[in-house]
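Here is a short briefing on one protein model. Please read it alongside the sequence and the coordinates.

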Amino acid sequence: MSSEQHTTPGNGVGPGTDFDAIVVGAGFSGLYMLHRLRNTLGLSVRVFEAADDVGGTWYWNRYPGARCDSESYFYSFSDRLSEDLLQEWTWSERFAAQPEILRYLQHVADRFDLRRDIQFDTRVTSADYDEATNRWGISTDDGGWVTATFLITAVGCLSAVNLPNFEGRDSFRGEQYHTARWPHEGVDFTGKRVAVIGTGATAVQAIPEIAEQAAHVYVLQRTPNYDIAGRNGPLSEEYVRETKATYNEIWQRTRETSFGFPYDAPERPALSVPEEERQRIYETAWAQGGFRIGLTFNDLLTDPAANETASEFVRDQIRARVRDTEVAELLAPKDHPFFTKRPPLENGYYETFNRDNVTLVDVRRSPIEEITPTGVRTRDAEYEVDAIVFATGFDAMTGMLFNMGIAGRGGVALREKWAEGPRTYLGVATHGFPNLFMITGPQSPSVLSNMPVSIEQHVDWIADCIKYMREHKLDKIEPLPEAEDDWVDHHNAVTQATLLPMANSWWVGANIPGKPRNLYPYVGGVGNYRKICAEVAAHGYDGFGMAKYGKTSVTGTRPASRFPVKTARAVIG
Ligand code: FAD
Ligand code: N01
């Protein structure tokens with residue numbers, strides 16, 4: 001491996017076309033990966049980033065109302081990056097808004113001197129593994145070509161924009177925006193008629209803000225969601241002080257729980273308590289705001305009857321807040337159980353439908369047929385508007401990986417290998433693609449967790465693995481096919497024991513026509529998953545084949561029964 005350093009300052013990286021590692025993406029994942037590989041291990045690394053700055057999600061998603069829904073104090077890097085930064089950085093709100101999170105990531109890039117190895121405004125267009133040299137060849141849209149031993153994707157689970165191909169879209173004479181490609185200078189909707197397509201987490205944040213400005217907003221809803229009260233607000237000095245004093249404990253808990261939040265795990269099934277008590281428990285969690293309502297009972301994701309009690313509780317909250325009973329019923333989901341689609345956090349979303357300038361349009365009953373030069377035509381009506389906002393989400397988890405044009409041994413495209421759905425070992429690597437690591441890849445907890453916790457775990461695991469390889473003079477690693485089969489079977493078994501397959505969510509790929517239907521993230525829990533990964537590492541990375549410098553054939557052992565096909569109850573708990 002080369003250990004040449006590339007140290008030219010500024011945007012515009014140093015010389016050299018051969019690296020130890022190429023990292024693609026400069027959001028949370030890419031920044032921390034660069035820090036670990038370059039600052040801790042001393043590797044030569046180049047990061048490619050399509051945007052002109054760091055931030056990833058928080059660079060691209062500048063729509064009005066954009067903010068995190070993991071609480072700011074643990075939607076950040078932990079003490080793994082820097083205890084000093086944790087103590088010095090002070091978040092202003094319970095759920096920080098996009099500009100503040102972007103400022104934080106820019107600060108991280110500057111503080112750890114990361115920019116000098118990030119090549120901005122550069123998109124990776126193909127990545128090919130060459131068996132003869134055991135190197136990845138990476139092409140970029142500026143005509144560049146580099147090689148590296150390791151290719152590490154930090155491309156994000158939610159960064160490939162989904163813009164449905166509505167007939168006539170290009171004929172529209174007004175303004176069109178996708179929420180994840182929002183103009184940096186902002187948009188003034190004052191006096192305008194606006195159609196918003198979509199009612200996912202993005203729309204739920206944007207609609208109340210747009211409605212404050214616009215002359216009229218038509219909300220085109222295909223599927224209602226169980227939106228949870230966010231209860232955002234400024235943070236008191238006392239809260240900040242106490243949090244900082246117990247930060248290490250908080251981070252440790254996030255690593256051990258199922259979803260990467262530092263909340264107590266529920267221990268009781270919903271139907272084990274009398275109805276009145278259950279209601280009180282839901283009300284307390286609802287009053288606390290955030291995702292706590294999902295962590296009230298331990299069987300909400302596995303028992304339909306238990307889930308229905310929570311579903312009905314949320315529907316009742318909607319009915320209580322929306323004055324028009326017909327609109328309230330339209331907003332109250334009945335076609336899928338609570339939490340089988342990602343529930344948005346809302347701050348005033350439901351009250352928006354009590355405004356005179358907001359109309360809810362049911363495009364499930366009357367689908368969108370075309371975009372016309374002057375608006376949107378559904379089967380039953382035409383809505384004349386000045387602007388259309390597409391809050392239509394992402395081709396999640398695999399979209400960005402496929403768009404990168406990754407081809408492994410023998411020129412096999414990742415898209416081809418995963419034609420029926422992803423096949424990975426631990427969601428971090430896939431057979432046939434040596435030395436490729438995917439941060440928060442499919443079949444890892446990723447989007448079913450507070451993501452910085454999962455990102456840090458993956459980055460640390462990958463960095464430790466590369467360190468191990470260097471120490472043992474190994475330069476090729478690849479999952480064994482039988483270990484991959486075992487992981488996929490385990491992933492599917494855990495999935496099937498939950499209610500998640502019941503909803504047409506992006507978690508199962510249902511939002512993209514033709515996308516194979518699988519649960520893309522792993523639902524076995526952050527804490528359990530971390531243990532499995534740690535055991536694999538402790539046993540010399542069993543399940544992976546590795547080769548010595550200069551050797552092409554890999555050797556390795558299939559893991560014993562580290563992840564048997566357990567019931568979800570045992571795994572998820
Ligand atoms: P990203 O931030 O998506 O960064 C990936 C980067 O890779 C992008 O900058 C992209 O330009 C770049 N890239 C991709 N392909 C290429 C290529 N071929 N060449 C060059 N560059 C490329 N998660 C939570 O846990 N809590 C939250 O509260 C939360 N809120 C969210 C709010 C919104 C609006 C969205 C969309 C997502 C949210 N998420 C949240 C998920 C969020 O994506 C992650 O928390 C986290 O920001 C992901 O970081 P990342 O670095 O892995 O990926
Ligand atoms: O995307 P989505 P998102 N015709 O896919 C509708 C994270 N996030 O950007 O449900 C009509 O959830 C689609 O309808 P349906 C979070 O993980 C977090 O909102 O498929 N409608 C849906 O209503 C989130 O889950 C925050 O029937 C069409 C909407 O568009 C993820 O990002 C904030 C359509 C898309 O919703 C994605 O959220 C924002 C069509 N052809 C995002 N195609 C936080 O709060 C799609 N839709 C932290």
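Glutamine 457 lies in helix 14 (residues 451-471). Helices here are DSSP runs of H or I with at least four residues, strands are E runs of at least two, and both are numbered from the N terminus. The model is predicted: local features need pLDDT of at least 70, side-chain atom pairs count only at pLDDT 80 or more, and totals for chains, interfaces and linings use all residues. Residues are numbered from 1 along each chain as its sequence is written, chains are lettered from A and ligands numbered from 1 in the order in which they are written, and side-chain values use heavy atoms, with hydrogens and water left out.

**Glutamine 457**
- Glutamine 457 counts as buried because its relative accessibility is 9%.
- Buried means under 20% relative accessible area, exposed over 50%, and partly exposed in between (1.4 Å probe, protein chains only).
- Leaving aside residues up to four places away in sequence, glutamine 457 touches Tyr529, Arg530 and Cys533. Contact means heavy atoms within 4.5 Å.

**Helix 8 and helix 9**
- Two packed helices are described by the angle between their axes and the distance between the axes.
- Helix 8 (residues 275-288) packs on helix 9 (residues 304-321) at about 55 degrees, and their axes are 11 Å apart. Axes are lines fitted to C-alpha atoms, for helices over the stretch in contact, and angles run from 0 to 180 degrees between N-to-C directions.
- The two helices are therefore oblique to each other. Under 35 degrees counts as roughly parallel, over 145 as roughly antiparallel, 65 to 115 as roughly perpendicular, and the rest as oblique.
- Helix 8 contributes Arg278, Gln279, Tyr282, Glu283 and Trp286 to the contact. Helix 9 contributes Ala306, Thr309, Ala310, Phe313, Val314 and Gln317.

**Strands 8 and 9**
- Strand 8 (residues 193-197) is mostly covered, with 4 of its 5 residues buried.
- Strand 8 runs parallel to strand 9 (residues 216-221), and 5 bridges join them.
- Valine 196 stands opposite valine 219 of strand 9.

- Two strands pair if DSSP finds at least two bridges between them.
- Strand 14 (residues 375-378) is joined to strand 15 by 3 bridges. Glycine 375 has glutamate 384 of strand 15 as its bridge partner.
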